[in-house]
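User: Can you walk me through this model? I'd like the strands and the core.

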Amino acid sequence: MNMGMGKIIKLSVNPTKVKSKDDGNNITEFKVQEFDLDDPSTESVLKELCRSNVHSTNHFVGGVTNNGKKLGLTGHARNASYRGVWGIAIDYDDGDISLKEAIEIYKPYINIIYSSSGHRQDKPDHNGVQDRFRVILPFKPQADGSAYYNGETAGINFYDYLKGRFPQADKKVFGRHMKLYPFVGTDPNFYEFYLNTDGDWFEVTTEDIESAKVIDQVRSQRRNSTFRTDDVVILPDRRSRKFIGDIAEKQPCFCLFCNDLDSKSASAFVDTNDHG
């Protein structure tokens, strides 16, 4: 359970209510807001925010217009204004994980889960009707109130790490300029919102990031790799999985030892012979 500081989370928020993605395109300036998870009213506040306001887990400072300054806005959503993160935002867009599964997966952590505008909409180029949603995993407040992973290099390394850690997520949200559109779907009945305040703070350490970089280097150098029968490969549809021990004939798949999922198609295959 959480010890020390209270359950305070921060998000960068623009106060303008938007009704369409086109409205959100014009939103580029933000200010930091705090939300007390111990306050019973916070859930309704966050629920409304996620369907009305453009927001971000990034902290931005600078680049604000005079009109923005009059509104108390302090940062522009761009790489040059990036000053760290308040947590992680993950976008699931192609049905690789259902919303119900995500609620269980992230149950151990304090989180916000809400449907994005394309939730349950038929998108023929993106696997038809699927659950589409976001997961926000706030970080534990630092004693001095500062954001995590401030600085260009720290931010780049942080987001590169997330691309590897969450391979099923939309990688476009893993960036220092990132902003999140609220739910502006045509059917308000598709809007779902869940707040879990009972878990632990999600954590990404510098050791996690450095270890992942080492693993990536090993993968890039590895040749004639040995597989185990309980290794799992991802099939070309990006959703189906199969144990290597269950493969009876040549099977195309995404490579286990590289960032193959970043590519548009599977570039590896598993074949079996008399020796396994």
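Predicted model: local features only at pLDDT ≥ 70, side-chain atom pairs only at ≥ 80, totals over all residues.

User: Is strand 11 buried or exposed?

Analyst: Mostly covered: 6 of its 6 residues, 133-138, are buried. Buried means under 20% relative accessible area with a 1.4 Å probe, protein chains only; strands (E, at least two residues) and helices (H or I, at least four) are DSSP runs, numbered from the N terminus.

User: Which residues point which way?

Analyst: Phe133, Val135 and Leu137 point one way, and Arg134, Ile136 and Pro138 the other.

User: Which strand does strand 7 join, and by how many bridges?

Analyst: Strand 7 (residues 87-92) is joined to strand 11 by 6 bridges, antiparallel; pairing takes at least two DSSP bridges. Ala89 stands opposite Ile136.

User: And strand 8?

Analyst: Strand 8 (residues 111-115) also runs antiparallel to strand 11, with 4 bridges. There, Ile112 has Ile136 as its bridge partner.

User: New topic. Which residues touch the most others in the largest nonpolar core?

Analyst: Of its 45 residues, Ile88, Ile90, Tyr92, Phe158, Phe166 and Val204 do. A core is a set of buried Ala, Val, Leu, Ile, Met, Phe, Trp, Tyr and Cys residues joined through side-chain atoms within 4.5 Å. Strand 7, strand 8 and strand 11 are among the elements that each supply at least two residues.

Methods: Residues numbered from 1 in each chain as written. Heavy atoms only, no water. Buried < 20%, exposed > 50% of the residue type's maximum accessible area, 1.4 Å probe, protein only.
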